[in-house]
Amino acid sequence: MENVSDLLCVQRVKAGDIQAFTLIVEKYGEMVFTIVRKIVENREDAEDITQEVFIKVFKSLDKFREESEFATWLYRIAYNTTISELRKKKLYYVPVEDNLLVDNNIDEEEIEIKLQYLEKALKKLSPDEIFLVTLHYMDEQSIENISKISDLSVSNIKVKLHRIRKKLAIEISKLRNDERG
Amino acid sequence: MKEDRTISDNQLRKAFKEFPLENLSPGFMEDLMSKIEKETVSQRRTKKLIAFLQIIAGIASIILLPVLAVYLCNRFIPGFSFSFSNLKINFDINSVLIGLAILLLLIIDSLHKRHEYKRQFKNE
């Protein structure tokens, strides 16, 4: 049912009803902004990127062939725009180092993820990793959809998600140890 | 052998569920829509300009292409000689009228469809 209303909005915008676009922004704006905000530190930068995403969506609506899901298409634009804006504006993020992966001092029972730890740990991931993990766990996009959005293979995404979960576990454990010690 | 520790799929799913969505600034929508309206105006202008240029190019090609073709034939094909001043065209007025009528019907039909399409969306 949601997809039907998406398509109807798209068709209305294509027919020249610009106001129908507000429905699209109202529906997806906050999710796109939330994902971008997790990648970009500054709120204004994140809003600028979110605006850029929706302007691109509007300009490219003629190219949307209505064969795929609108959300998948929109998130693909959001993904590409965020990554390219990060490169263009050199909005820096701190990637987690691979050697962290050998740190195994985590007690499975202790991994009780608190939001502030997770929020901080997310900042240690690369933008495309944050994109994958937020789309999958927060917006509940299927791995197949994420594969279409990111142009990565299904198996590659599964591997990446596994690595991301490991990185997050290590980072959360480090944050806890820092707090205790 | 070191044990491979990680967060489980479900744990992460549950944790992400608790994350609230970030709220956009109150002025976000107005700002975005004004940018989009500007974009629409500029897109319309560009489309009009392209359409105008296409018409000019079409007319120019209708006139220039036969002239160019005749010039090239006269220039490069031995024994070929053609002059537009000797050309006499006989219009069949009936054919021209039928052609214009068909064109008019097509224009009326497309305008009608456009009107219906807009009315349908307004009703929805």
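What percentage of the 124 residues in chain B is buried? In this predicted model, buried residues account for 6% of chain B, where a residue is termed buried if 20 or more other C-beta atoms lie within 10 Å of its own, exposed if 12 or fewer do, and partly exposed in between, with C-beta atoms placed from the backbone. Residues are numbered from 1 along each chain as its sequence is written, and chains are lettered from A, with ligands numbered from 1, in the order in which they are written. Because the model is predicted, local features need pLDDT of at least 70 and side-chain atom pairs count only at pLDDT 80 or more, whereas totals for chains, interfaces and linings use all residues.

The model scores ipTM 0.71 and pTM 0.66. For chain B, the mean pLDDT (the predictor's confidence in each residue, from 0 to 100) is 80, and 85% of the residues reach 70 or more. Chain B holds three helices and zero strands, in the order α-α-α from the N terminus; helices (H or I, at least four residues) and strands (E, at least two) are DSSP runs, numbered from the N terminus. Among these elements, the highest mean pLDDT belongs to α2(B), at 86, and the lowest to α3(B), at 75. Where pLDDT is low, predicted coordinates should not be read in detail.

Between the chains, 29 residues of chain B are in contact with 33 residues of chain A, contact being assigned if the C-beta atoms of two residues, placed from the backbone, lie within 7 Å. On the chain B side, the elements giving two or more residues are α1 (9–17), α2 (28–76) and α3 (93–123). The greatest contribution to this side comes from α2(B), with nine residues. By class, the side of chain B that touches chain A comprises 14 nonpolar, five polar and ten charged residues. Ala, Val, Leu, Ile, Met, Phe, Trp, Tyr, Cys and Pro are counted as nonpolar, Asp, Glu, Lys and Arg as charged, and the others, Gly among them, as polar. Met29(B), located in helix α2 of chain B, touches Thr22(A) and Val25(A), residues up to four places away in sequence not being counted. Met29(B) is partly exposed because 15 other C-beta atoms lie within 10 Å.

Within chain A, the axes of helix α3 (residues 43–60) and helix α4 (residues 70–89) come within 9 Å and cross at roughly 130°. Axes are lines fitted to C-alpha atoms, for helices over the stretch in contact, and angles run from 0 to 180 degrees between N-to-C directions. α3(A) is therefore oblique to α4(A), given that angles under 35 degrees count as roughly parallel, over 145 as roughly antiparallel, 65 to 115 as roughly perpendicular and the rest as oblique. Ile49(A), Glu52(A), Val53(A), Lys56(A), Val57(A) and Ser60(A) of α3(A) meet Leu74(A), Ile77(A), Ala78(A), Thr81(A), Thr82(A) and Glu85(A) of α4(A). The residues of this contact divide into six nonpolar, three polar and three charged.

Positive phi values occur in two residues other than glycine, Glu66(A) and Asp151(A). Glu66(A), with phi of about 65°, is placed in the loop between α3 and α4 of chain A and counts as partly exposed because it has 13 C-beta neighbours inside 10 Å. Asp151(A), with phi near 65°, lies in the loop between α7 (143–150) and α8 (154–180) of chain A and is exposed, with 10 other C-beta atoms within 10 Å.
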